[in-house]
Amino acid sequence: MTTNNTHKPAAFDGYYRKQVDTPDMMLCSVGRGTAGGEYLRRFWQPVAYLSELGELPLRVRALGEDLVAFRDGAGDVGVLHLHCCHRNTSLEFGVVEKRGIRCCYHGRLFAPDGTLLEIPGDPNAARLMCEVSQGGYPVHVFAGIVFTYMGPPDRIPAFPMLDRFEIPGVELVPGVRFELECNWVQIKENVVDPHHTNILHVIPQRRGVEHFADEFEHFPELTFMETPAGAMYLAARRSGDNVWVRSAEFFGPNIHCISSIFEAGAAPKAATPPFMTFWTLPVDDEKSINFYLSHVASEETMPFDKRRALEIFGQRDDRPYAERQYLPGDHEAQVGQGPINVMALEHLGTHDRGIVMFRRFVRQGIKAVAEGKDPKGFYLSSEDLPPTYANDRIFPVDEIGGSPNDPTVLVRLAEQVGRAYLEQPPMPTLKTMRSTEAEASS
Ligand SMILES: [Fe+2]
């Protein structure tokens, strides 16, 4: 780490510092009719885990709208406006039935798509049922997570079935809710902020608590690159006789992908199994929920319960305050920025390029939607979906073409790996490797 012996002298000038308390709401708004909210309404949003939809309806809030989610007796999932279109009673008190949800107040029955199926006792029911329906949104259930699309129904994007979901020998296990009392932007920025992994995520180890692999502590050399649907970082660091290049990415605007937090760079590898994929739901301007999948590879030796505890650590508001102060995690760092981070008060450093890229990506998307165009990351056809790039590529030291202790060599390597991924993304490589392994062992 570089230490500079010239500093701007502190001048006890707090009194004169800017007192800006206005966040950038052009970027951070999520509500209906706002520029940011219209942008977010062009993408599938996670609203619940399928396991949360049981006998009772689930009240959810997404993009500033109150909704009800339920799974009827036929197994179909509905995401409808919360208040019944009859007399506005909340459907969270409704009865989930075989064919839909019935309002508790006067018994109107709605199908999962909002069609009004019954109006008990009304002599004009047939006519009213032709005229009235409940507001609702299309639903897609994938790997135990319920997604909904809240934008214009004449232009529904393909659900992003990413290349990392179909790796042989890797099971997809739904996660748990990470509820965060802050705006969605500061949550997504975290994934293209690799500088924090070797500061925040090594505090637990230094204080005697297992979390990330110890090797994350070594300060990496970083590079950042745009991808077809977002941006990735590549972090190169020496690990014993190897050089380990870790990449992670956001797939705009609300998905992010990481590889294992237990990777230590101990053995050369061309590609490693995915580890977690996250979707961030902007609940409203000041609240968000991360939904995620754990990718569990067949060769994992850590018991899943232990893995789950370590992947959850520091992601929720579920620990005593003093413990969160002593062992802070992503939750503390992100919520600690305030309900909506005031970017005008920041002083960004060299390693914050990913943050700048993420904000630019979102701003450009907001502008595109405002101009009636499709934003980057929006795909109508699943055939157009681009690949993902989160991976661990590990080289023996003698293959990197220079000293592993020379930062310029590491940056050059990270750039080479990034460019190679854009030509040949890592997940198809992994699929081929694993298919070959499976054939060899059968
Ligand atoms: Fe983190």
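I count two residues as in contact if their C-beta atoms, placed from the backbone, lie within 7 Å. On that basis I looked at contacts between residues at least 6 apart in sequence, and 63% of them join residues at least 24 apart.

The model is predicted: local features need pLDDT of at least 70, side-chain atom pairs count only at pLDDT 80 or more, and totals for chains, interfaces and linings use all residues. Residues are numbered from 1 along each chain as its sequence is written.

Overall form came next. I find 11 helices and 20 strands (DSSP runs: H or I of at least four residues for helices, E of at least two for strands, numbered from the N terminus). The radius of gyration is 24 Å, close to the 22 Å from the globule rule for 442 residues, so the protein is as compact as a globular protein of that length. I take that radius over C-alpha atoms; the rule is 2.2 Å times the number of residues to the power 0.38.

Then the domains. An automatic or database assignment sets the bounds: domain 1 is 54–149 and domain 2 is 163–441. Their C-alpha centres lie 37 Å apart. I see 7 residues of domain 1 in contact with 8 residues of domain 2.

Last, I looked up Tyr-105. It sits in the loop between strand E6 (100–102) and strand E7 (109–110). Why is Tyr-105 partly exposed? It has 15 other C-beta atoms within 10 Å, and I call a residue buried at 20 or more, exposed at 12 or fewer, and partly exposed in between, with C-beta atoms placed from the backbone. Leaving out residues up to four places away in sequence, Tyr-105 touches Cys-84, Arg-87 and Thr-89.
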